[in-house]
Amino acid sequence: MAAQVNSWNEWDRLEEIVVGSADDACYEPTEPGNHPHIRNAAPGTAFPTGRKPQEAIDAANAELAGLVALLESQGVRVRRPEPHDYSKPVRTPEFSVDNQYCGVCPRDVMITIGSEIIEATMSRRGRFFEYEPYRKLVYEYWNADPAVRWTTAPKPSMTDEMYREGFWDWPLEKRHAEMHSFEFCITQDEVIFDAADMSRFGRDIMVQESMTTNRQGIQWLKRHLEPQGLRVHPLHFPLDYFPSHIDCTFVPLRPGLVLTNPDRPLSDGEEKLFLTNDWELVEAPEPTTGNDEMPTYCQSSKWLSMNVLSISPTKVIAEEREKPLHDMLDKLGFEVFPIPFRNVFEYGGSLHCATWDVRRTGDREDYFP
Ligand code: NVA
């Protein structure tokens, strides 16, 4: 029987993928792990709550449908999340938030490592139950193929004690002075990670320490994955004062080539692993949109420009307005498929974030021998 789940890296030929959906999306709640702000608004302006306007949902869904059509035209099987009412509150004995967020970014929640599917712990209250829209699919894969392994990482308490709420008010000087301590809005007591802080390089899994993944989270991933012969490498980008999710910072495109973010260099000691193994780190060009011009409710940076999705080691989907990036990828030997995706930005991600690859061709390779 053909494997249902098999994906070891970010670039091998894509066979099956989940594309997110903006249906029933809400504004992300304000909570200790997240203080969303309206771009360019006066300090203190309240962030909206509850369901997003239908026009914003329809506009994002139209672009997600464009991605689906492109992937299908390339022979990729596309799956979608189940409907989920994100306007329902999350309540546990320890906390509550008035609504959840959305199902646009499966990458944040789910990761495939070989034949294993891992549901991340998640780091924010509003996203506690965000695995639910993918459970039907997980059961389908799990029932169809006995080789599929399914792991749910330990759920953190998300109590007030798990967070350092003062983080949001730290002045820039403090962030600068402490940039090498890698302490953010989550503390180090519990196991915490979002799946999107990981990037898969065959035998080697790179994990960014961030606002959404702490050292205990990385420790859990090490103890879970290393007995299987994998190697887990924590990565640090000291100039990113609000790090979350590695795929706007360090994006592998094919064996030996990583697209890097010139504003967020990898810490010196960690570059060595790549350079001594003949990997080339290529800086992404300046995005075509400045941070101030990003969508009003978007909490991500202009570097969504580099959040590309690989269909194969030679084919990359990129946002249509990022012409300098297209030209660079073209020179590097890639066929670029530009598609409009700006209306998805307000949900925090672009093409890589809005997907979760379930099956790519290829086996586990050692790219760092
Ligand atoms: N935190 C990242 C977005 C990751 C999808 C950034 O704002 O650049």
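Visitor: Which strands each supply at least two residues of the lining of the second largest cavity?
Guide: Strand 8 (198–201), strand 11 (250–254) and strand 14 (309–312) each do so, strands being DSSP E runs of at least two residues, numbered from the N terminus. The largest share, four residues, comes from strand 11. This is a predicted model, in which local features need pLDDT of at least 70 and side-chain atom pairs count only at pLDDT 80 or more, while totals for chains, interfaces and linings use all residues. Residues are numbered from 1 along each chain as its sequence is written, and side-chain values use heavy atoms, with hydrogens and water left out.

Visitor: What counts as a cavity or a pocket here?
Guide: On a 1 Å grid over the protein atoms alone, a cavity is a set of points where a 1.4 Å probe fits but cannot get out, whereas a pocket is an open set with protein on both sides within 12 Å along at least five of seven lines; lining residues have an atom within 4 Å of a point.

Visitor: And what sits nearest the centre of that second largest cavity?
Guide: Of its 13 lining residues, Glu10, Ser199, Val251, Pro252 and His352 lie nearest the centre, around a space of about 90 Å³, where a volume is the space filled by probe spheres set on the grid points.

Visitor: How many cavities of 30 Å³ or more are there?
Guide: There are five, and the largest cavity has a volume of about 130 Å³. Its lining has 17 residues, with Met179, Glu183, Phe184, Asp240 and Tyr241 nearest the centre.

Visitor: Switching to the ligand, where is it?
Guide: The space it takes is the largest pocket, the test being that more than half of a molecule's atoms lie within 2 Å of the grid points. That pocket holds about 1,200 Å³ of space, and of its 45 lining residues the closest to the centre are His37, Met211, Phe242, Gln299 and Ser300.

Visitor: Which residues surround the ligand?
Guide: Ser244, His245, Asp247, Cys248, Arg264, Ser300, Ser301, Gly348 and Cys353 do, each having a heavy atom within 4 Å of the ligand.

Visitor: What about polar contacts?
Guide: Taking pairs of N or O atoms within 3.5 Å, a polar side-chain atom of Ser301 lies 2.6 Å from a ligand oxygen, and one of Arg264 lies 2.9 Å from a ligand oxygen. For Ser244, a backbone N or O atom lies 2.8 Å from a ligand nitrogen. Taken alone the ligand exposes 270 Å², of which the protein buries 94%, with areas from the Shrake-Rupley method and a 1.4 Å probe.

Terms used
A polar contact is a pair of N or O atoms within 3.5 Å; within protein, one must be able to donate a hydrogen and the other to accept it, and residues adjacent in sequence count only if both atoms are side-chain atoms.
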